[in-house]
Amino acid sequence: MSTEQTERPAETSPAGSWNDRPAPRTPAEWLTRAAEVGAILAADAVERDRAGQTPYAEVQLLKDSGLVTLLGPVEYGGGGQTWETAYRVTREVSKADGSIGQLLGYHYLWSWAVRLLGTPQQIAAVEELATTNRYFFGGAVNPRDDDLVITEDGDTLVFNGRKTFSTGSKVSDLTVLEGVLEGTDQHIFAIVPSAQDGIVFADDWDNIGQRLTESGSVRITNVRISWDDAAGYVNREFRPLVYNTLNLPAIQLVFTNLYLGIAQGALETAAAYTRSTTRPWPYGRDNKESAVDEWYILEAYGDLQSKLWSVEALTDQVGTQLSQILHGDREAVTARQRGEIAVRVAAAKQRAIDVGLEVTSRIFEVTGARATASSVGLDRFWRNLRTHSLHDPVAYKRREVGRYTLLNEIPEPTWYT
């Protein structure tokens, strides 16, 4: 694939240089690195959320810290880690900034697209290119829009169309495109340079939450690739595997860790505010000297933390199971295996949404009226979780679990299951 790109604004990482630090090697070290990145993001998260500027510097931080290469092969300078770790790293970053956590989680999914669909030769080429250069991935694959139309021009495929959402593509180096070959039912995925004349972003993302995700629309005009770069195609033919459909459980579990991270960040931020600023109630006939001794505050934190721990346990268990499948034999994955892990992901996702919305709303009850000030920024956690949790109706996830429980039916693979 061509790697020629037009220039983009130069940005430096807010962390400065990481070059003099050894790269993480173990899952624990990667989580420590993610926590360090999170601390940098948390320092001005409220101000950046208000400003809503394109997060070039934040993405550069993800690159400089090495987090973008976590799944990349060691031989090309990557971390060689598993999805189990990638999910936890996504969650850790999301604690500090839900927008940047979403961008990172989507990056992991789109960087894995070539493994989900590609030939061994395509996998090797893309992973070497992306890992060596610390490239960042975005994707213009919104299923509820019309597919991009693909036409043939000799040995070249030409993509045209529009997508309402293209999360992260504006700040990415590589974008995943998906379309249908004109006159056929053949879906074709391709990885293309993001900075080119044929990809134009409308800059129309203006939602109440996840403000820094650059999730606006994009127009694709005459973006060309070689047939050789059509993911998974050999001699213009695609041989489908059940493994190809794991992109949906994989990204749904990205969502789950995003929601869980946002909720954990909300509770941690609220607790710090309660310890430092919240005042005890002086009219309860059992007056306390400190808010941390108030029975109703202690009860609320105990309830919310217990619920988060339970969601975390389920999410980690499912993450371990899905990671084993994603890193296993592509040829060996069965429809039943795929369906059962999709149900487990659906269960974790619905609990993360329910508990996350409760946490991000109830934190105001234990921080007090002054905590609603815009300068405190506690509202960003609810706004972020509420916004993204509407990605696809959670009621359908409950139904998937219900049909599995009552009827032993696994969900059919769709663009959202």
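I take buried to mean under 20% relative accessible area, exposed over 50%, and partly exposed in between, with a 1.4 Å probe and protein chains only. This is a predicted model, in which local features need pLDDT of at least 70 and side-chain atom pairs count only at pLDDT 80 or more, while totals for chains, interfaces and linings use all residues. Residues are numbered from 1 along each chain as its sequence is written, and side-chain values use heavy atoms, with hydrogens and water left out.

**Entry 1. Helix α11**

I looked up which residues of α11 are buried. They are Arg380, Phe381, Arg383, Asn384, Leu385, Thr387 and His388. That makes seven of the 10 residues of α11, so the helix is largely enclosed by the rest of the structure. I then looked for what covers them, taking contact as heavy atoms within 4.5 Å. The cover includes α2, α4, α5, α8 (247-276) and α10 (335-362).

**Entry 2. The chain as a whole**

I counted 12 helices and nine strands in the protein chain. Helices (H or I, at least four residues) and strands (E, at least two) are DSSP runs, numbered from the N terminus. Of the 417 residues, 53% count as buried. The C-alpha atoms fill a box of roughly 85 × 55 × 40 Å along the principal axes. I checked the radius of gyration, taken over C-alpha atoms, against the globule rule of 2.2 Å times the number of residues to the power 0.38. A compact globule with 417 residues would have a radius near 22 Å, and the protein chain has 22 Å, which agrees. Among contacts between residues at least 6 apart in sequence, 76% join residues at least 24 apart.

**Entry 3. Aromatic pairs**

I searched the whole structure and found 10 aromatic pairs. Rings of Phe, Tyr and Trp (its six-membered ring) pair if their centres lie within 6.5 Å; planes under 30 degrees apart count as stacked, over 60 as edge-to-face and the rest as tilted. I noted Trp83 and Tyr87 as a tilted pair, with 5.0 Å centre to centre and 45° between the planes. Both residues lie in helix α4 (residues 83-96), four residues apart, about one turn of the helix. Both Trp83 and Tyr87 are buried.

I also looked up Phe189 and Trp415. Their ring centres are 6.3 Å apart and their planes are at 40°, so this pair is tilted. Phe189 lies in strand β5 (residues 187-193) and Trp415 in the segment after α12 (394-407), so the pair ties together parts that are 226 residues apart in sequence. Phe189 has 14% relative accessibility and counts as buried, whereas Trp415 has 33% and counts as partly exposed.

**Entry 4. Cavities**

I worked on a 1 Å grid over the protein atoms alone: a cavity is a set of points where a 1.4 Å probe fits but cannot get out, a pocket is an open set with protein on both sides within 12 Å along at least five of seven lines, and lining residues have an atom within 4 Å of a point. Grid points are joined across faces, edges and corners, and a volume is the space filled by probe spheres set on the points. The search of the whole structure gave five cavities of 30 Å³ or more.

The largest cavity has a volume of about 140 Å³. I list 14 lining residues, of which Gly72, Ser111, Ala130, Thr131 and Phe137 lie nearest its centre. Two or more lining residues come from each of α5 (98-111) and α7 (120-133), and α7 gives the largest share, four residues. I class Ala, Val, Leu, Ile, Met, Phe, Trp, Tyr, Cys and Pro as nonpolar, Asp, Glu, Lys and Arg as charged, and the others, Gly among them, as polar. This lining has eight nonpolar, five polar and one charged.

The second largest cavity has about 60 Å³. Arg380 and Asn384 are among the residues that line it, and both are buried residues of α11. At least two lining residues come from each of α2 (45-51) and α11 (379-388). The classes here are three nonpolar, two polar and four charged.

**Entry 5. Pockets**

The largest pocket holds about 700 Å³ of space. I list 29 lining residues, with Tyr106, Asn142, Phe165, His391 and Tyr416 nearest its centre. Its lining divides into 14 nonpolar, 14 polar and one charged.
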